[in-house]
Amino acid sequence: MKKKEAMKYLKNAQGQMNAVMKMMEDDRYCVDVSHQVLATIALLKKANDALLKQHMEHCVTEAFEEGNGKEKIDEVINLMHKMIG
């Protein structure tokens, strides 16, 4: 299930973020901290991808089966605009 996958990524990102904050408190080299921030962002993106896949495979499919798929497509398009913009 994609929700479990997303949760795994979110928990990893949380741990990564705690490590980043510790690095900041320890006055670690900025570039090293930045690398860890980027790693955290990558985990958050993976979590979001898993959530969106879950949504499309289940919620969007179900909405089309019930005859109201356009509404779900609009939701996904709006999310994509936020991701891109």
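Mentor: Helix 3 (residues 69–84) gives the most to the nonpolar patch, with six residues. Bear in mind that this is a predicted model, in which local features need pLDDT of at least 70 and side-chain atom pairs count only at pLDDT 80 or more, while totals for chains, interfaces and linings use all residues. Residues are numbered from 1 along each chain as its sequence is written, and side-chain values use heavy atoms, with hydrogens and water left out.

Trainee: What makes the nonpolar surface patch, and what is its area?

Mentor: Phe-64, Ile-73, Ile-77, Leu-79, Met-80, Met-83 and Ile-84 form this patch of about 670 Å². Patch residues have over 30% relative accessible area and no salt bridge, and nonpolar side chains (Val, Leu, Ile, Met, Phe, Trp, Tyr) are joined within 5 Å, whereas like charges are joined within 9 Å. A salt bridge here is a side-chain nitrogen of Lys or Arg within 4 Å of a carboxyl oxygen of Asp or Glu, and accessible areas come from the Shrake-Rupley method with a 1.4 Å probe, counting for residues only the protein chains shown as cover.

Trainee: Why is Met-80 called partly exposed?

Mentor: Buried means under 20% relative accessible area, exposed over 50%, and partly exposed in between (1.4 Å probe, protein chains only). Met-80, which sits in helix 3, has a relative accessible area of 39%, so Met-80 is partly exposed.

Trainee: Is His-55 buried or exposed, and how do you know?

Mentor: His-55 belongs to helix 2, and its relative accessible area is 17%, so His-55 is buried. Leaving aside residues up to four places away in sequence, His-55 touches Val-60, Lys-72, Glu-75 and Val-76, where contact means heavy atoms within 4.5 Å.

Trainee: Why does Leu-38 count as exposed?

Mentor: Leu-38, in helix 2 (residues 30–65), has 53% relative accessibility and therefore counts as exposed.

Trainee: What is the phi of Asp-27, and where is Asp-27 found?

Mentor: Asp-27 has a phi near 55°, a positive value in a residue other than glycine, and lies in the loop between helix 1 (2–25) and helix 2. Most residues other than glycine have a negative phi.

Trainee: How many helices and strands does the protein chain have?

Mentor: The chain has three helices and zero strands, where helices (H or I, at least four residues) and strands (E, at least two) are DSSP runs numbered from the N terminus.
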